[in-house]
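Me: Hi! I'm new to this one, so could you walk me through it in plain words?
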Amino acid sequence: MHRLVTTIATMGVCALTSCASQPPPPPVTASLGDTEGSATFTGGAVAIGIGFQWGSGTLTYQGRQYSFRLDGLSVVDVGVTRVTGSGRVHNLRNVADFSGNYVSIAAGATLAGGGSVMSLRNQNGVVIDGVTTAQGVRLTLAPGGVNIRLSGQP
C-alpha cells in the first residue's frame, strides 16, 4: 500500500513539474476587425469670402458599400469648383463612427484642374487621408470643415 501511495505521489509531482516547465499557452485576444476602409466622392463648391461645399460618395468598409452625403463651410475662400476625390479611411471601428464633423487643418489652392492632398478627422477619431481633383479656380486661405452623414441618418 505504501508503495502504491508513493508511486501515485511521484507521478503527481512529475506531472506538476512537467506542466510548470512548459510555457503557458498564448493569451486569447479578441480581434477588433479591420479598421481601414476607402471612400470616393464627387461634389462642388462655391465661395465669395465664405464658401459652401456639397457632395455625395461611397464608403467601402469590410466588403460592404455605404452611401454618404457631405456639406460644409469654409472661410476666406473664393471660387467655383467641381471636385472628385478618393482616400483611405483609418480608425473606423464601427461604420456609424464614419458620420460626423470633419475638420481639415490644411489650407490650399486649386487652379484649372489641379489636385490637392487632404487629411480630415472627426470627433470619433476617424481619419480620411485623400487626394482631390478639382475643375475650376478656387483659393482657400483658412482651414475648413465638412459634415458627413451616412445615407439614412439625420
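Me: Let's start with Phe68. Is Phe68 buried or exposed?
Reply: Phe68 counts as buried because its relative accessibility is 3%; buried means under 20% relative accessible area, exposed over 50%, and partly exposed in between, with a 1.4 Å probe and protein chains only. Do keep in mind that this is a predicted model, where local features need pLDDT of at least 70, side-chain atom pairs count only at pLDDT 80 or more, and totals for chains, interfaces and linings use all residues. Residues are numbered from 1 along each chain as its sequence is written, and side-chain values use heavy atoms, leaving out hydrogens and water.

Me: Okay! Which residue forms an aromatic pair with Phe68?
Reply: That's Phe98, in an edge-to-face pair with 5.2 Å centre to centre and 65 degrees between the planes. Rings of Phe, Tyr and Trp (its six-membered ring) pair if their centres lie within 6.5 Å; planes under 30 degrees apart count as stacked, over 60 as edge-to-face and the rest as tilted. Phe98 is buried too, with a relative accessible area of 0%.

Me: What does the pair tie together?
Reply: Phe68 lies in strand E2 (residues 64-90) and Phe98 in the loop between E2 and strand E3 (100-104), so the pair ties together parts that are 30 residues apart in sequence. Strands here are DSSP runs of at least two residues, numbered from the N terminus.

Me: Which residues form the aromatic cluster?
Reply: Phe68, Phe98 and Tyr102 form one aromatic cluster.

Me: New topic: how many salt bridges does the structure hold?
Reply: There is 1 salt bridge, meaning a side-chain nitrogen of Lys or Arg within 4 Å of a carboxyl oxygen of Asp or Glu. Arg149 forms it with Asp71, and their closest N and O atoms are 3.0 Å apart. This pair links distant parts of the chain, 78 residues apart: Arg149 is in strand E7 (residues 145-150) and Asp71 in strand E2.

Me: And how exposed are Arg149 and Asp71?
Reply: Arg149 counts as partly exposed at 23% relative accessibility, and Asp71 counts as partly exposed at 24%.

Me: Last one: where does Trp54 lie, and what is Trp54 in contact with?
Reply: Trp54 lies in strand E1 (residues 37-61) and is partly exposed, at 37% relative accessibility. Leaving aside neighbours within four places in sequence, its contacts (heavy atoms within 4.5 Å) include Val46, Leu70 and Asp71.

Key
Helices (H or I, at least four residues) and strands (E, at least two) are DSSP runs, numbered from the N terminus.
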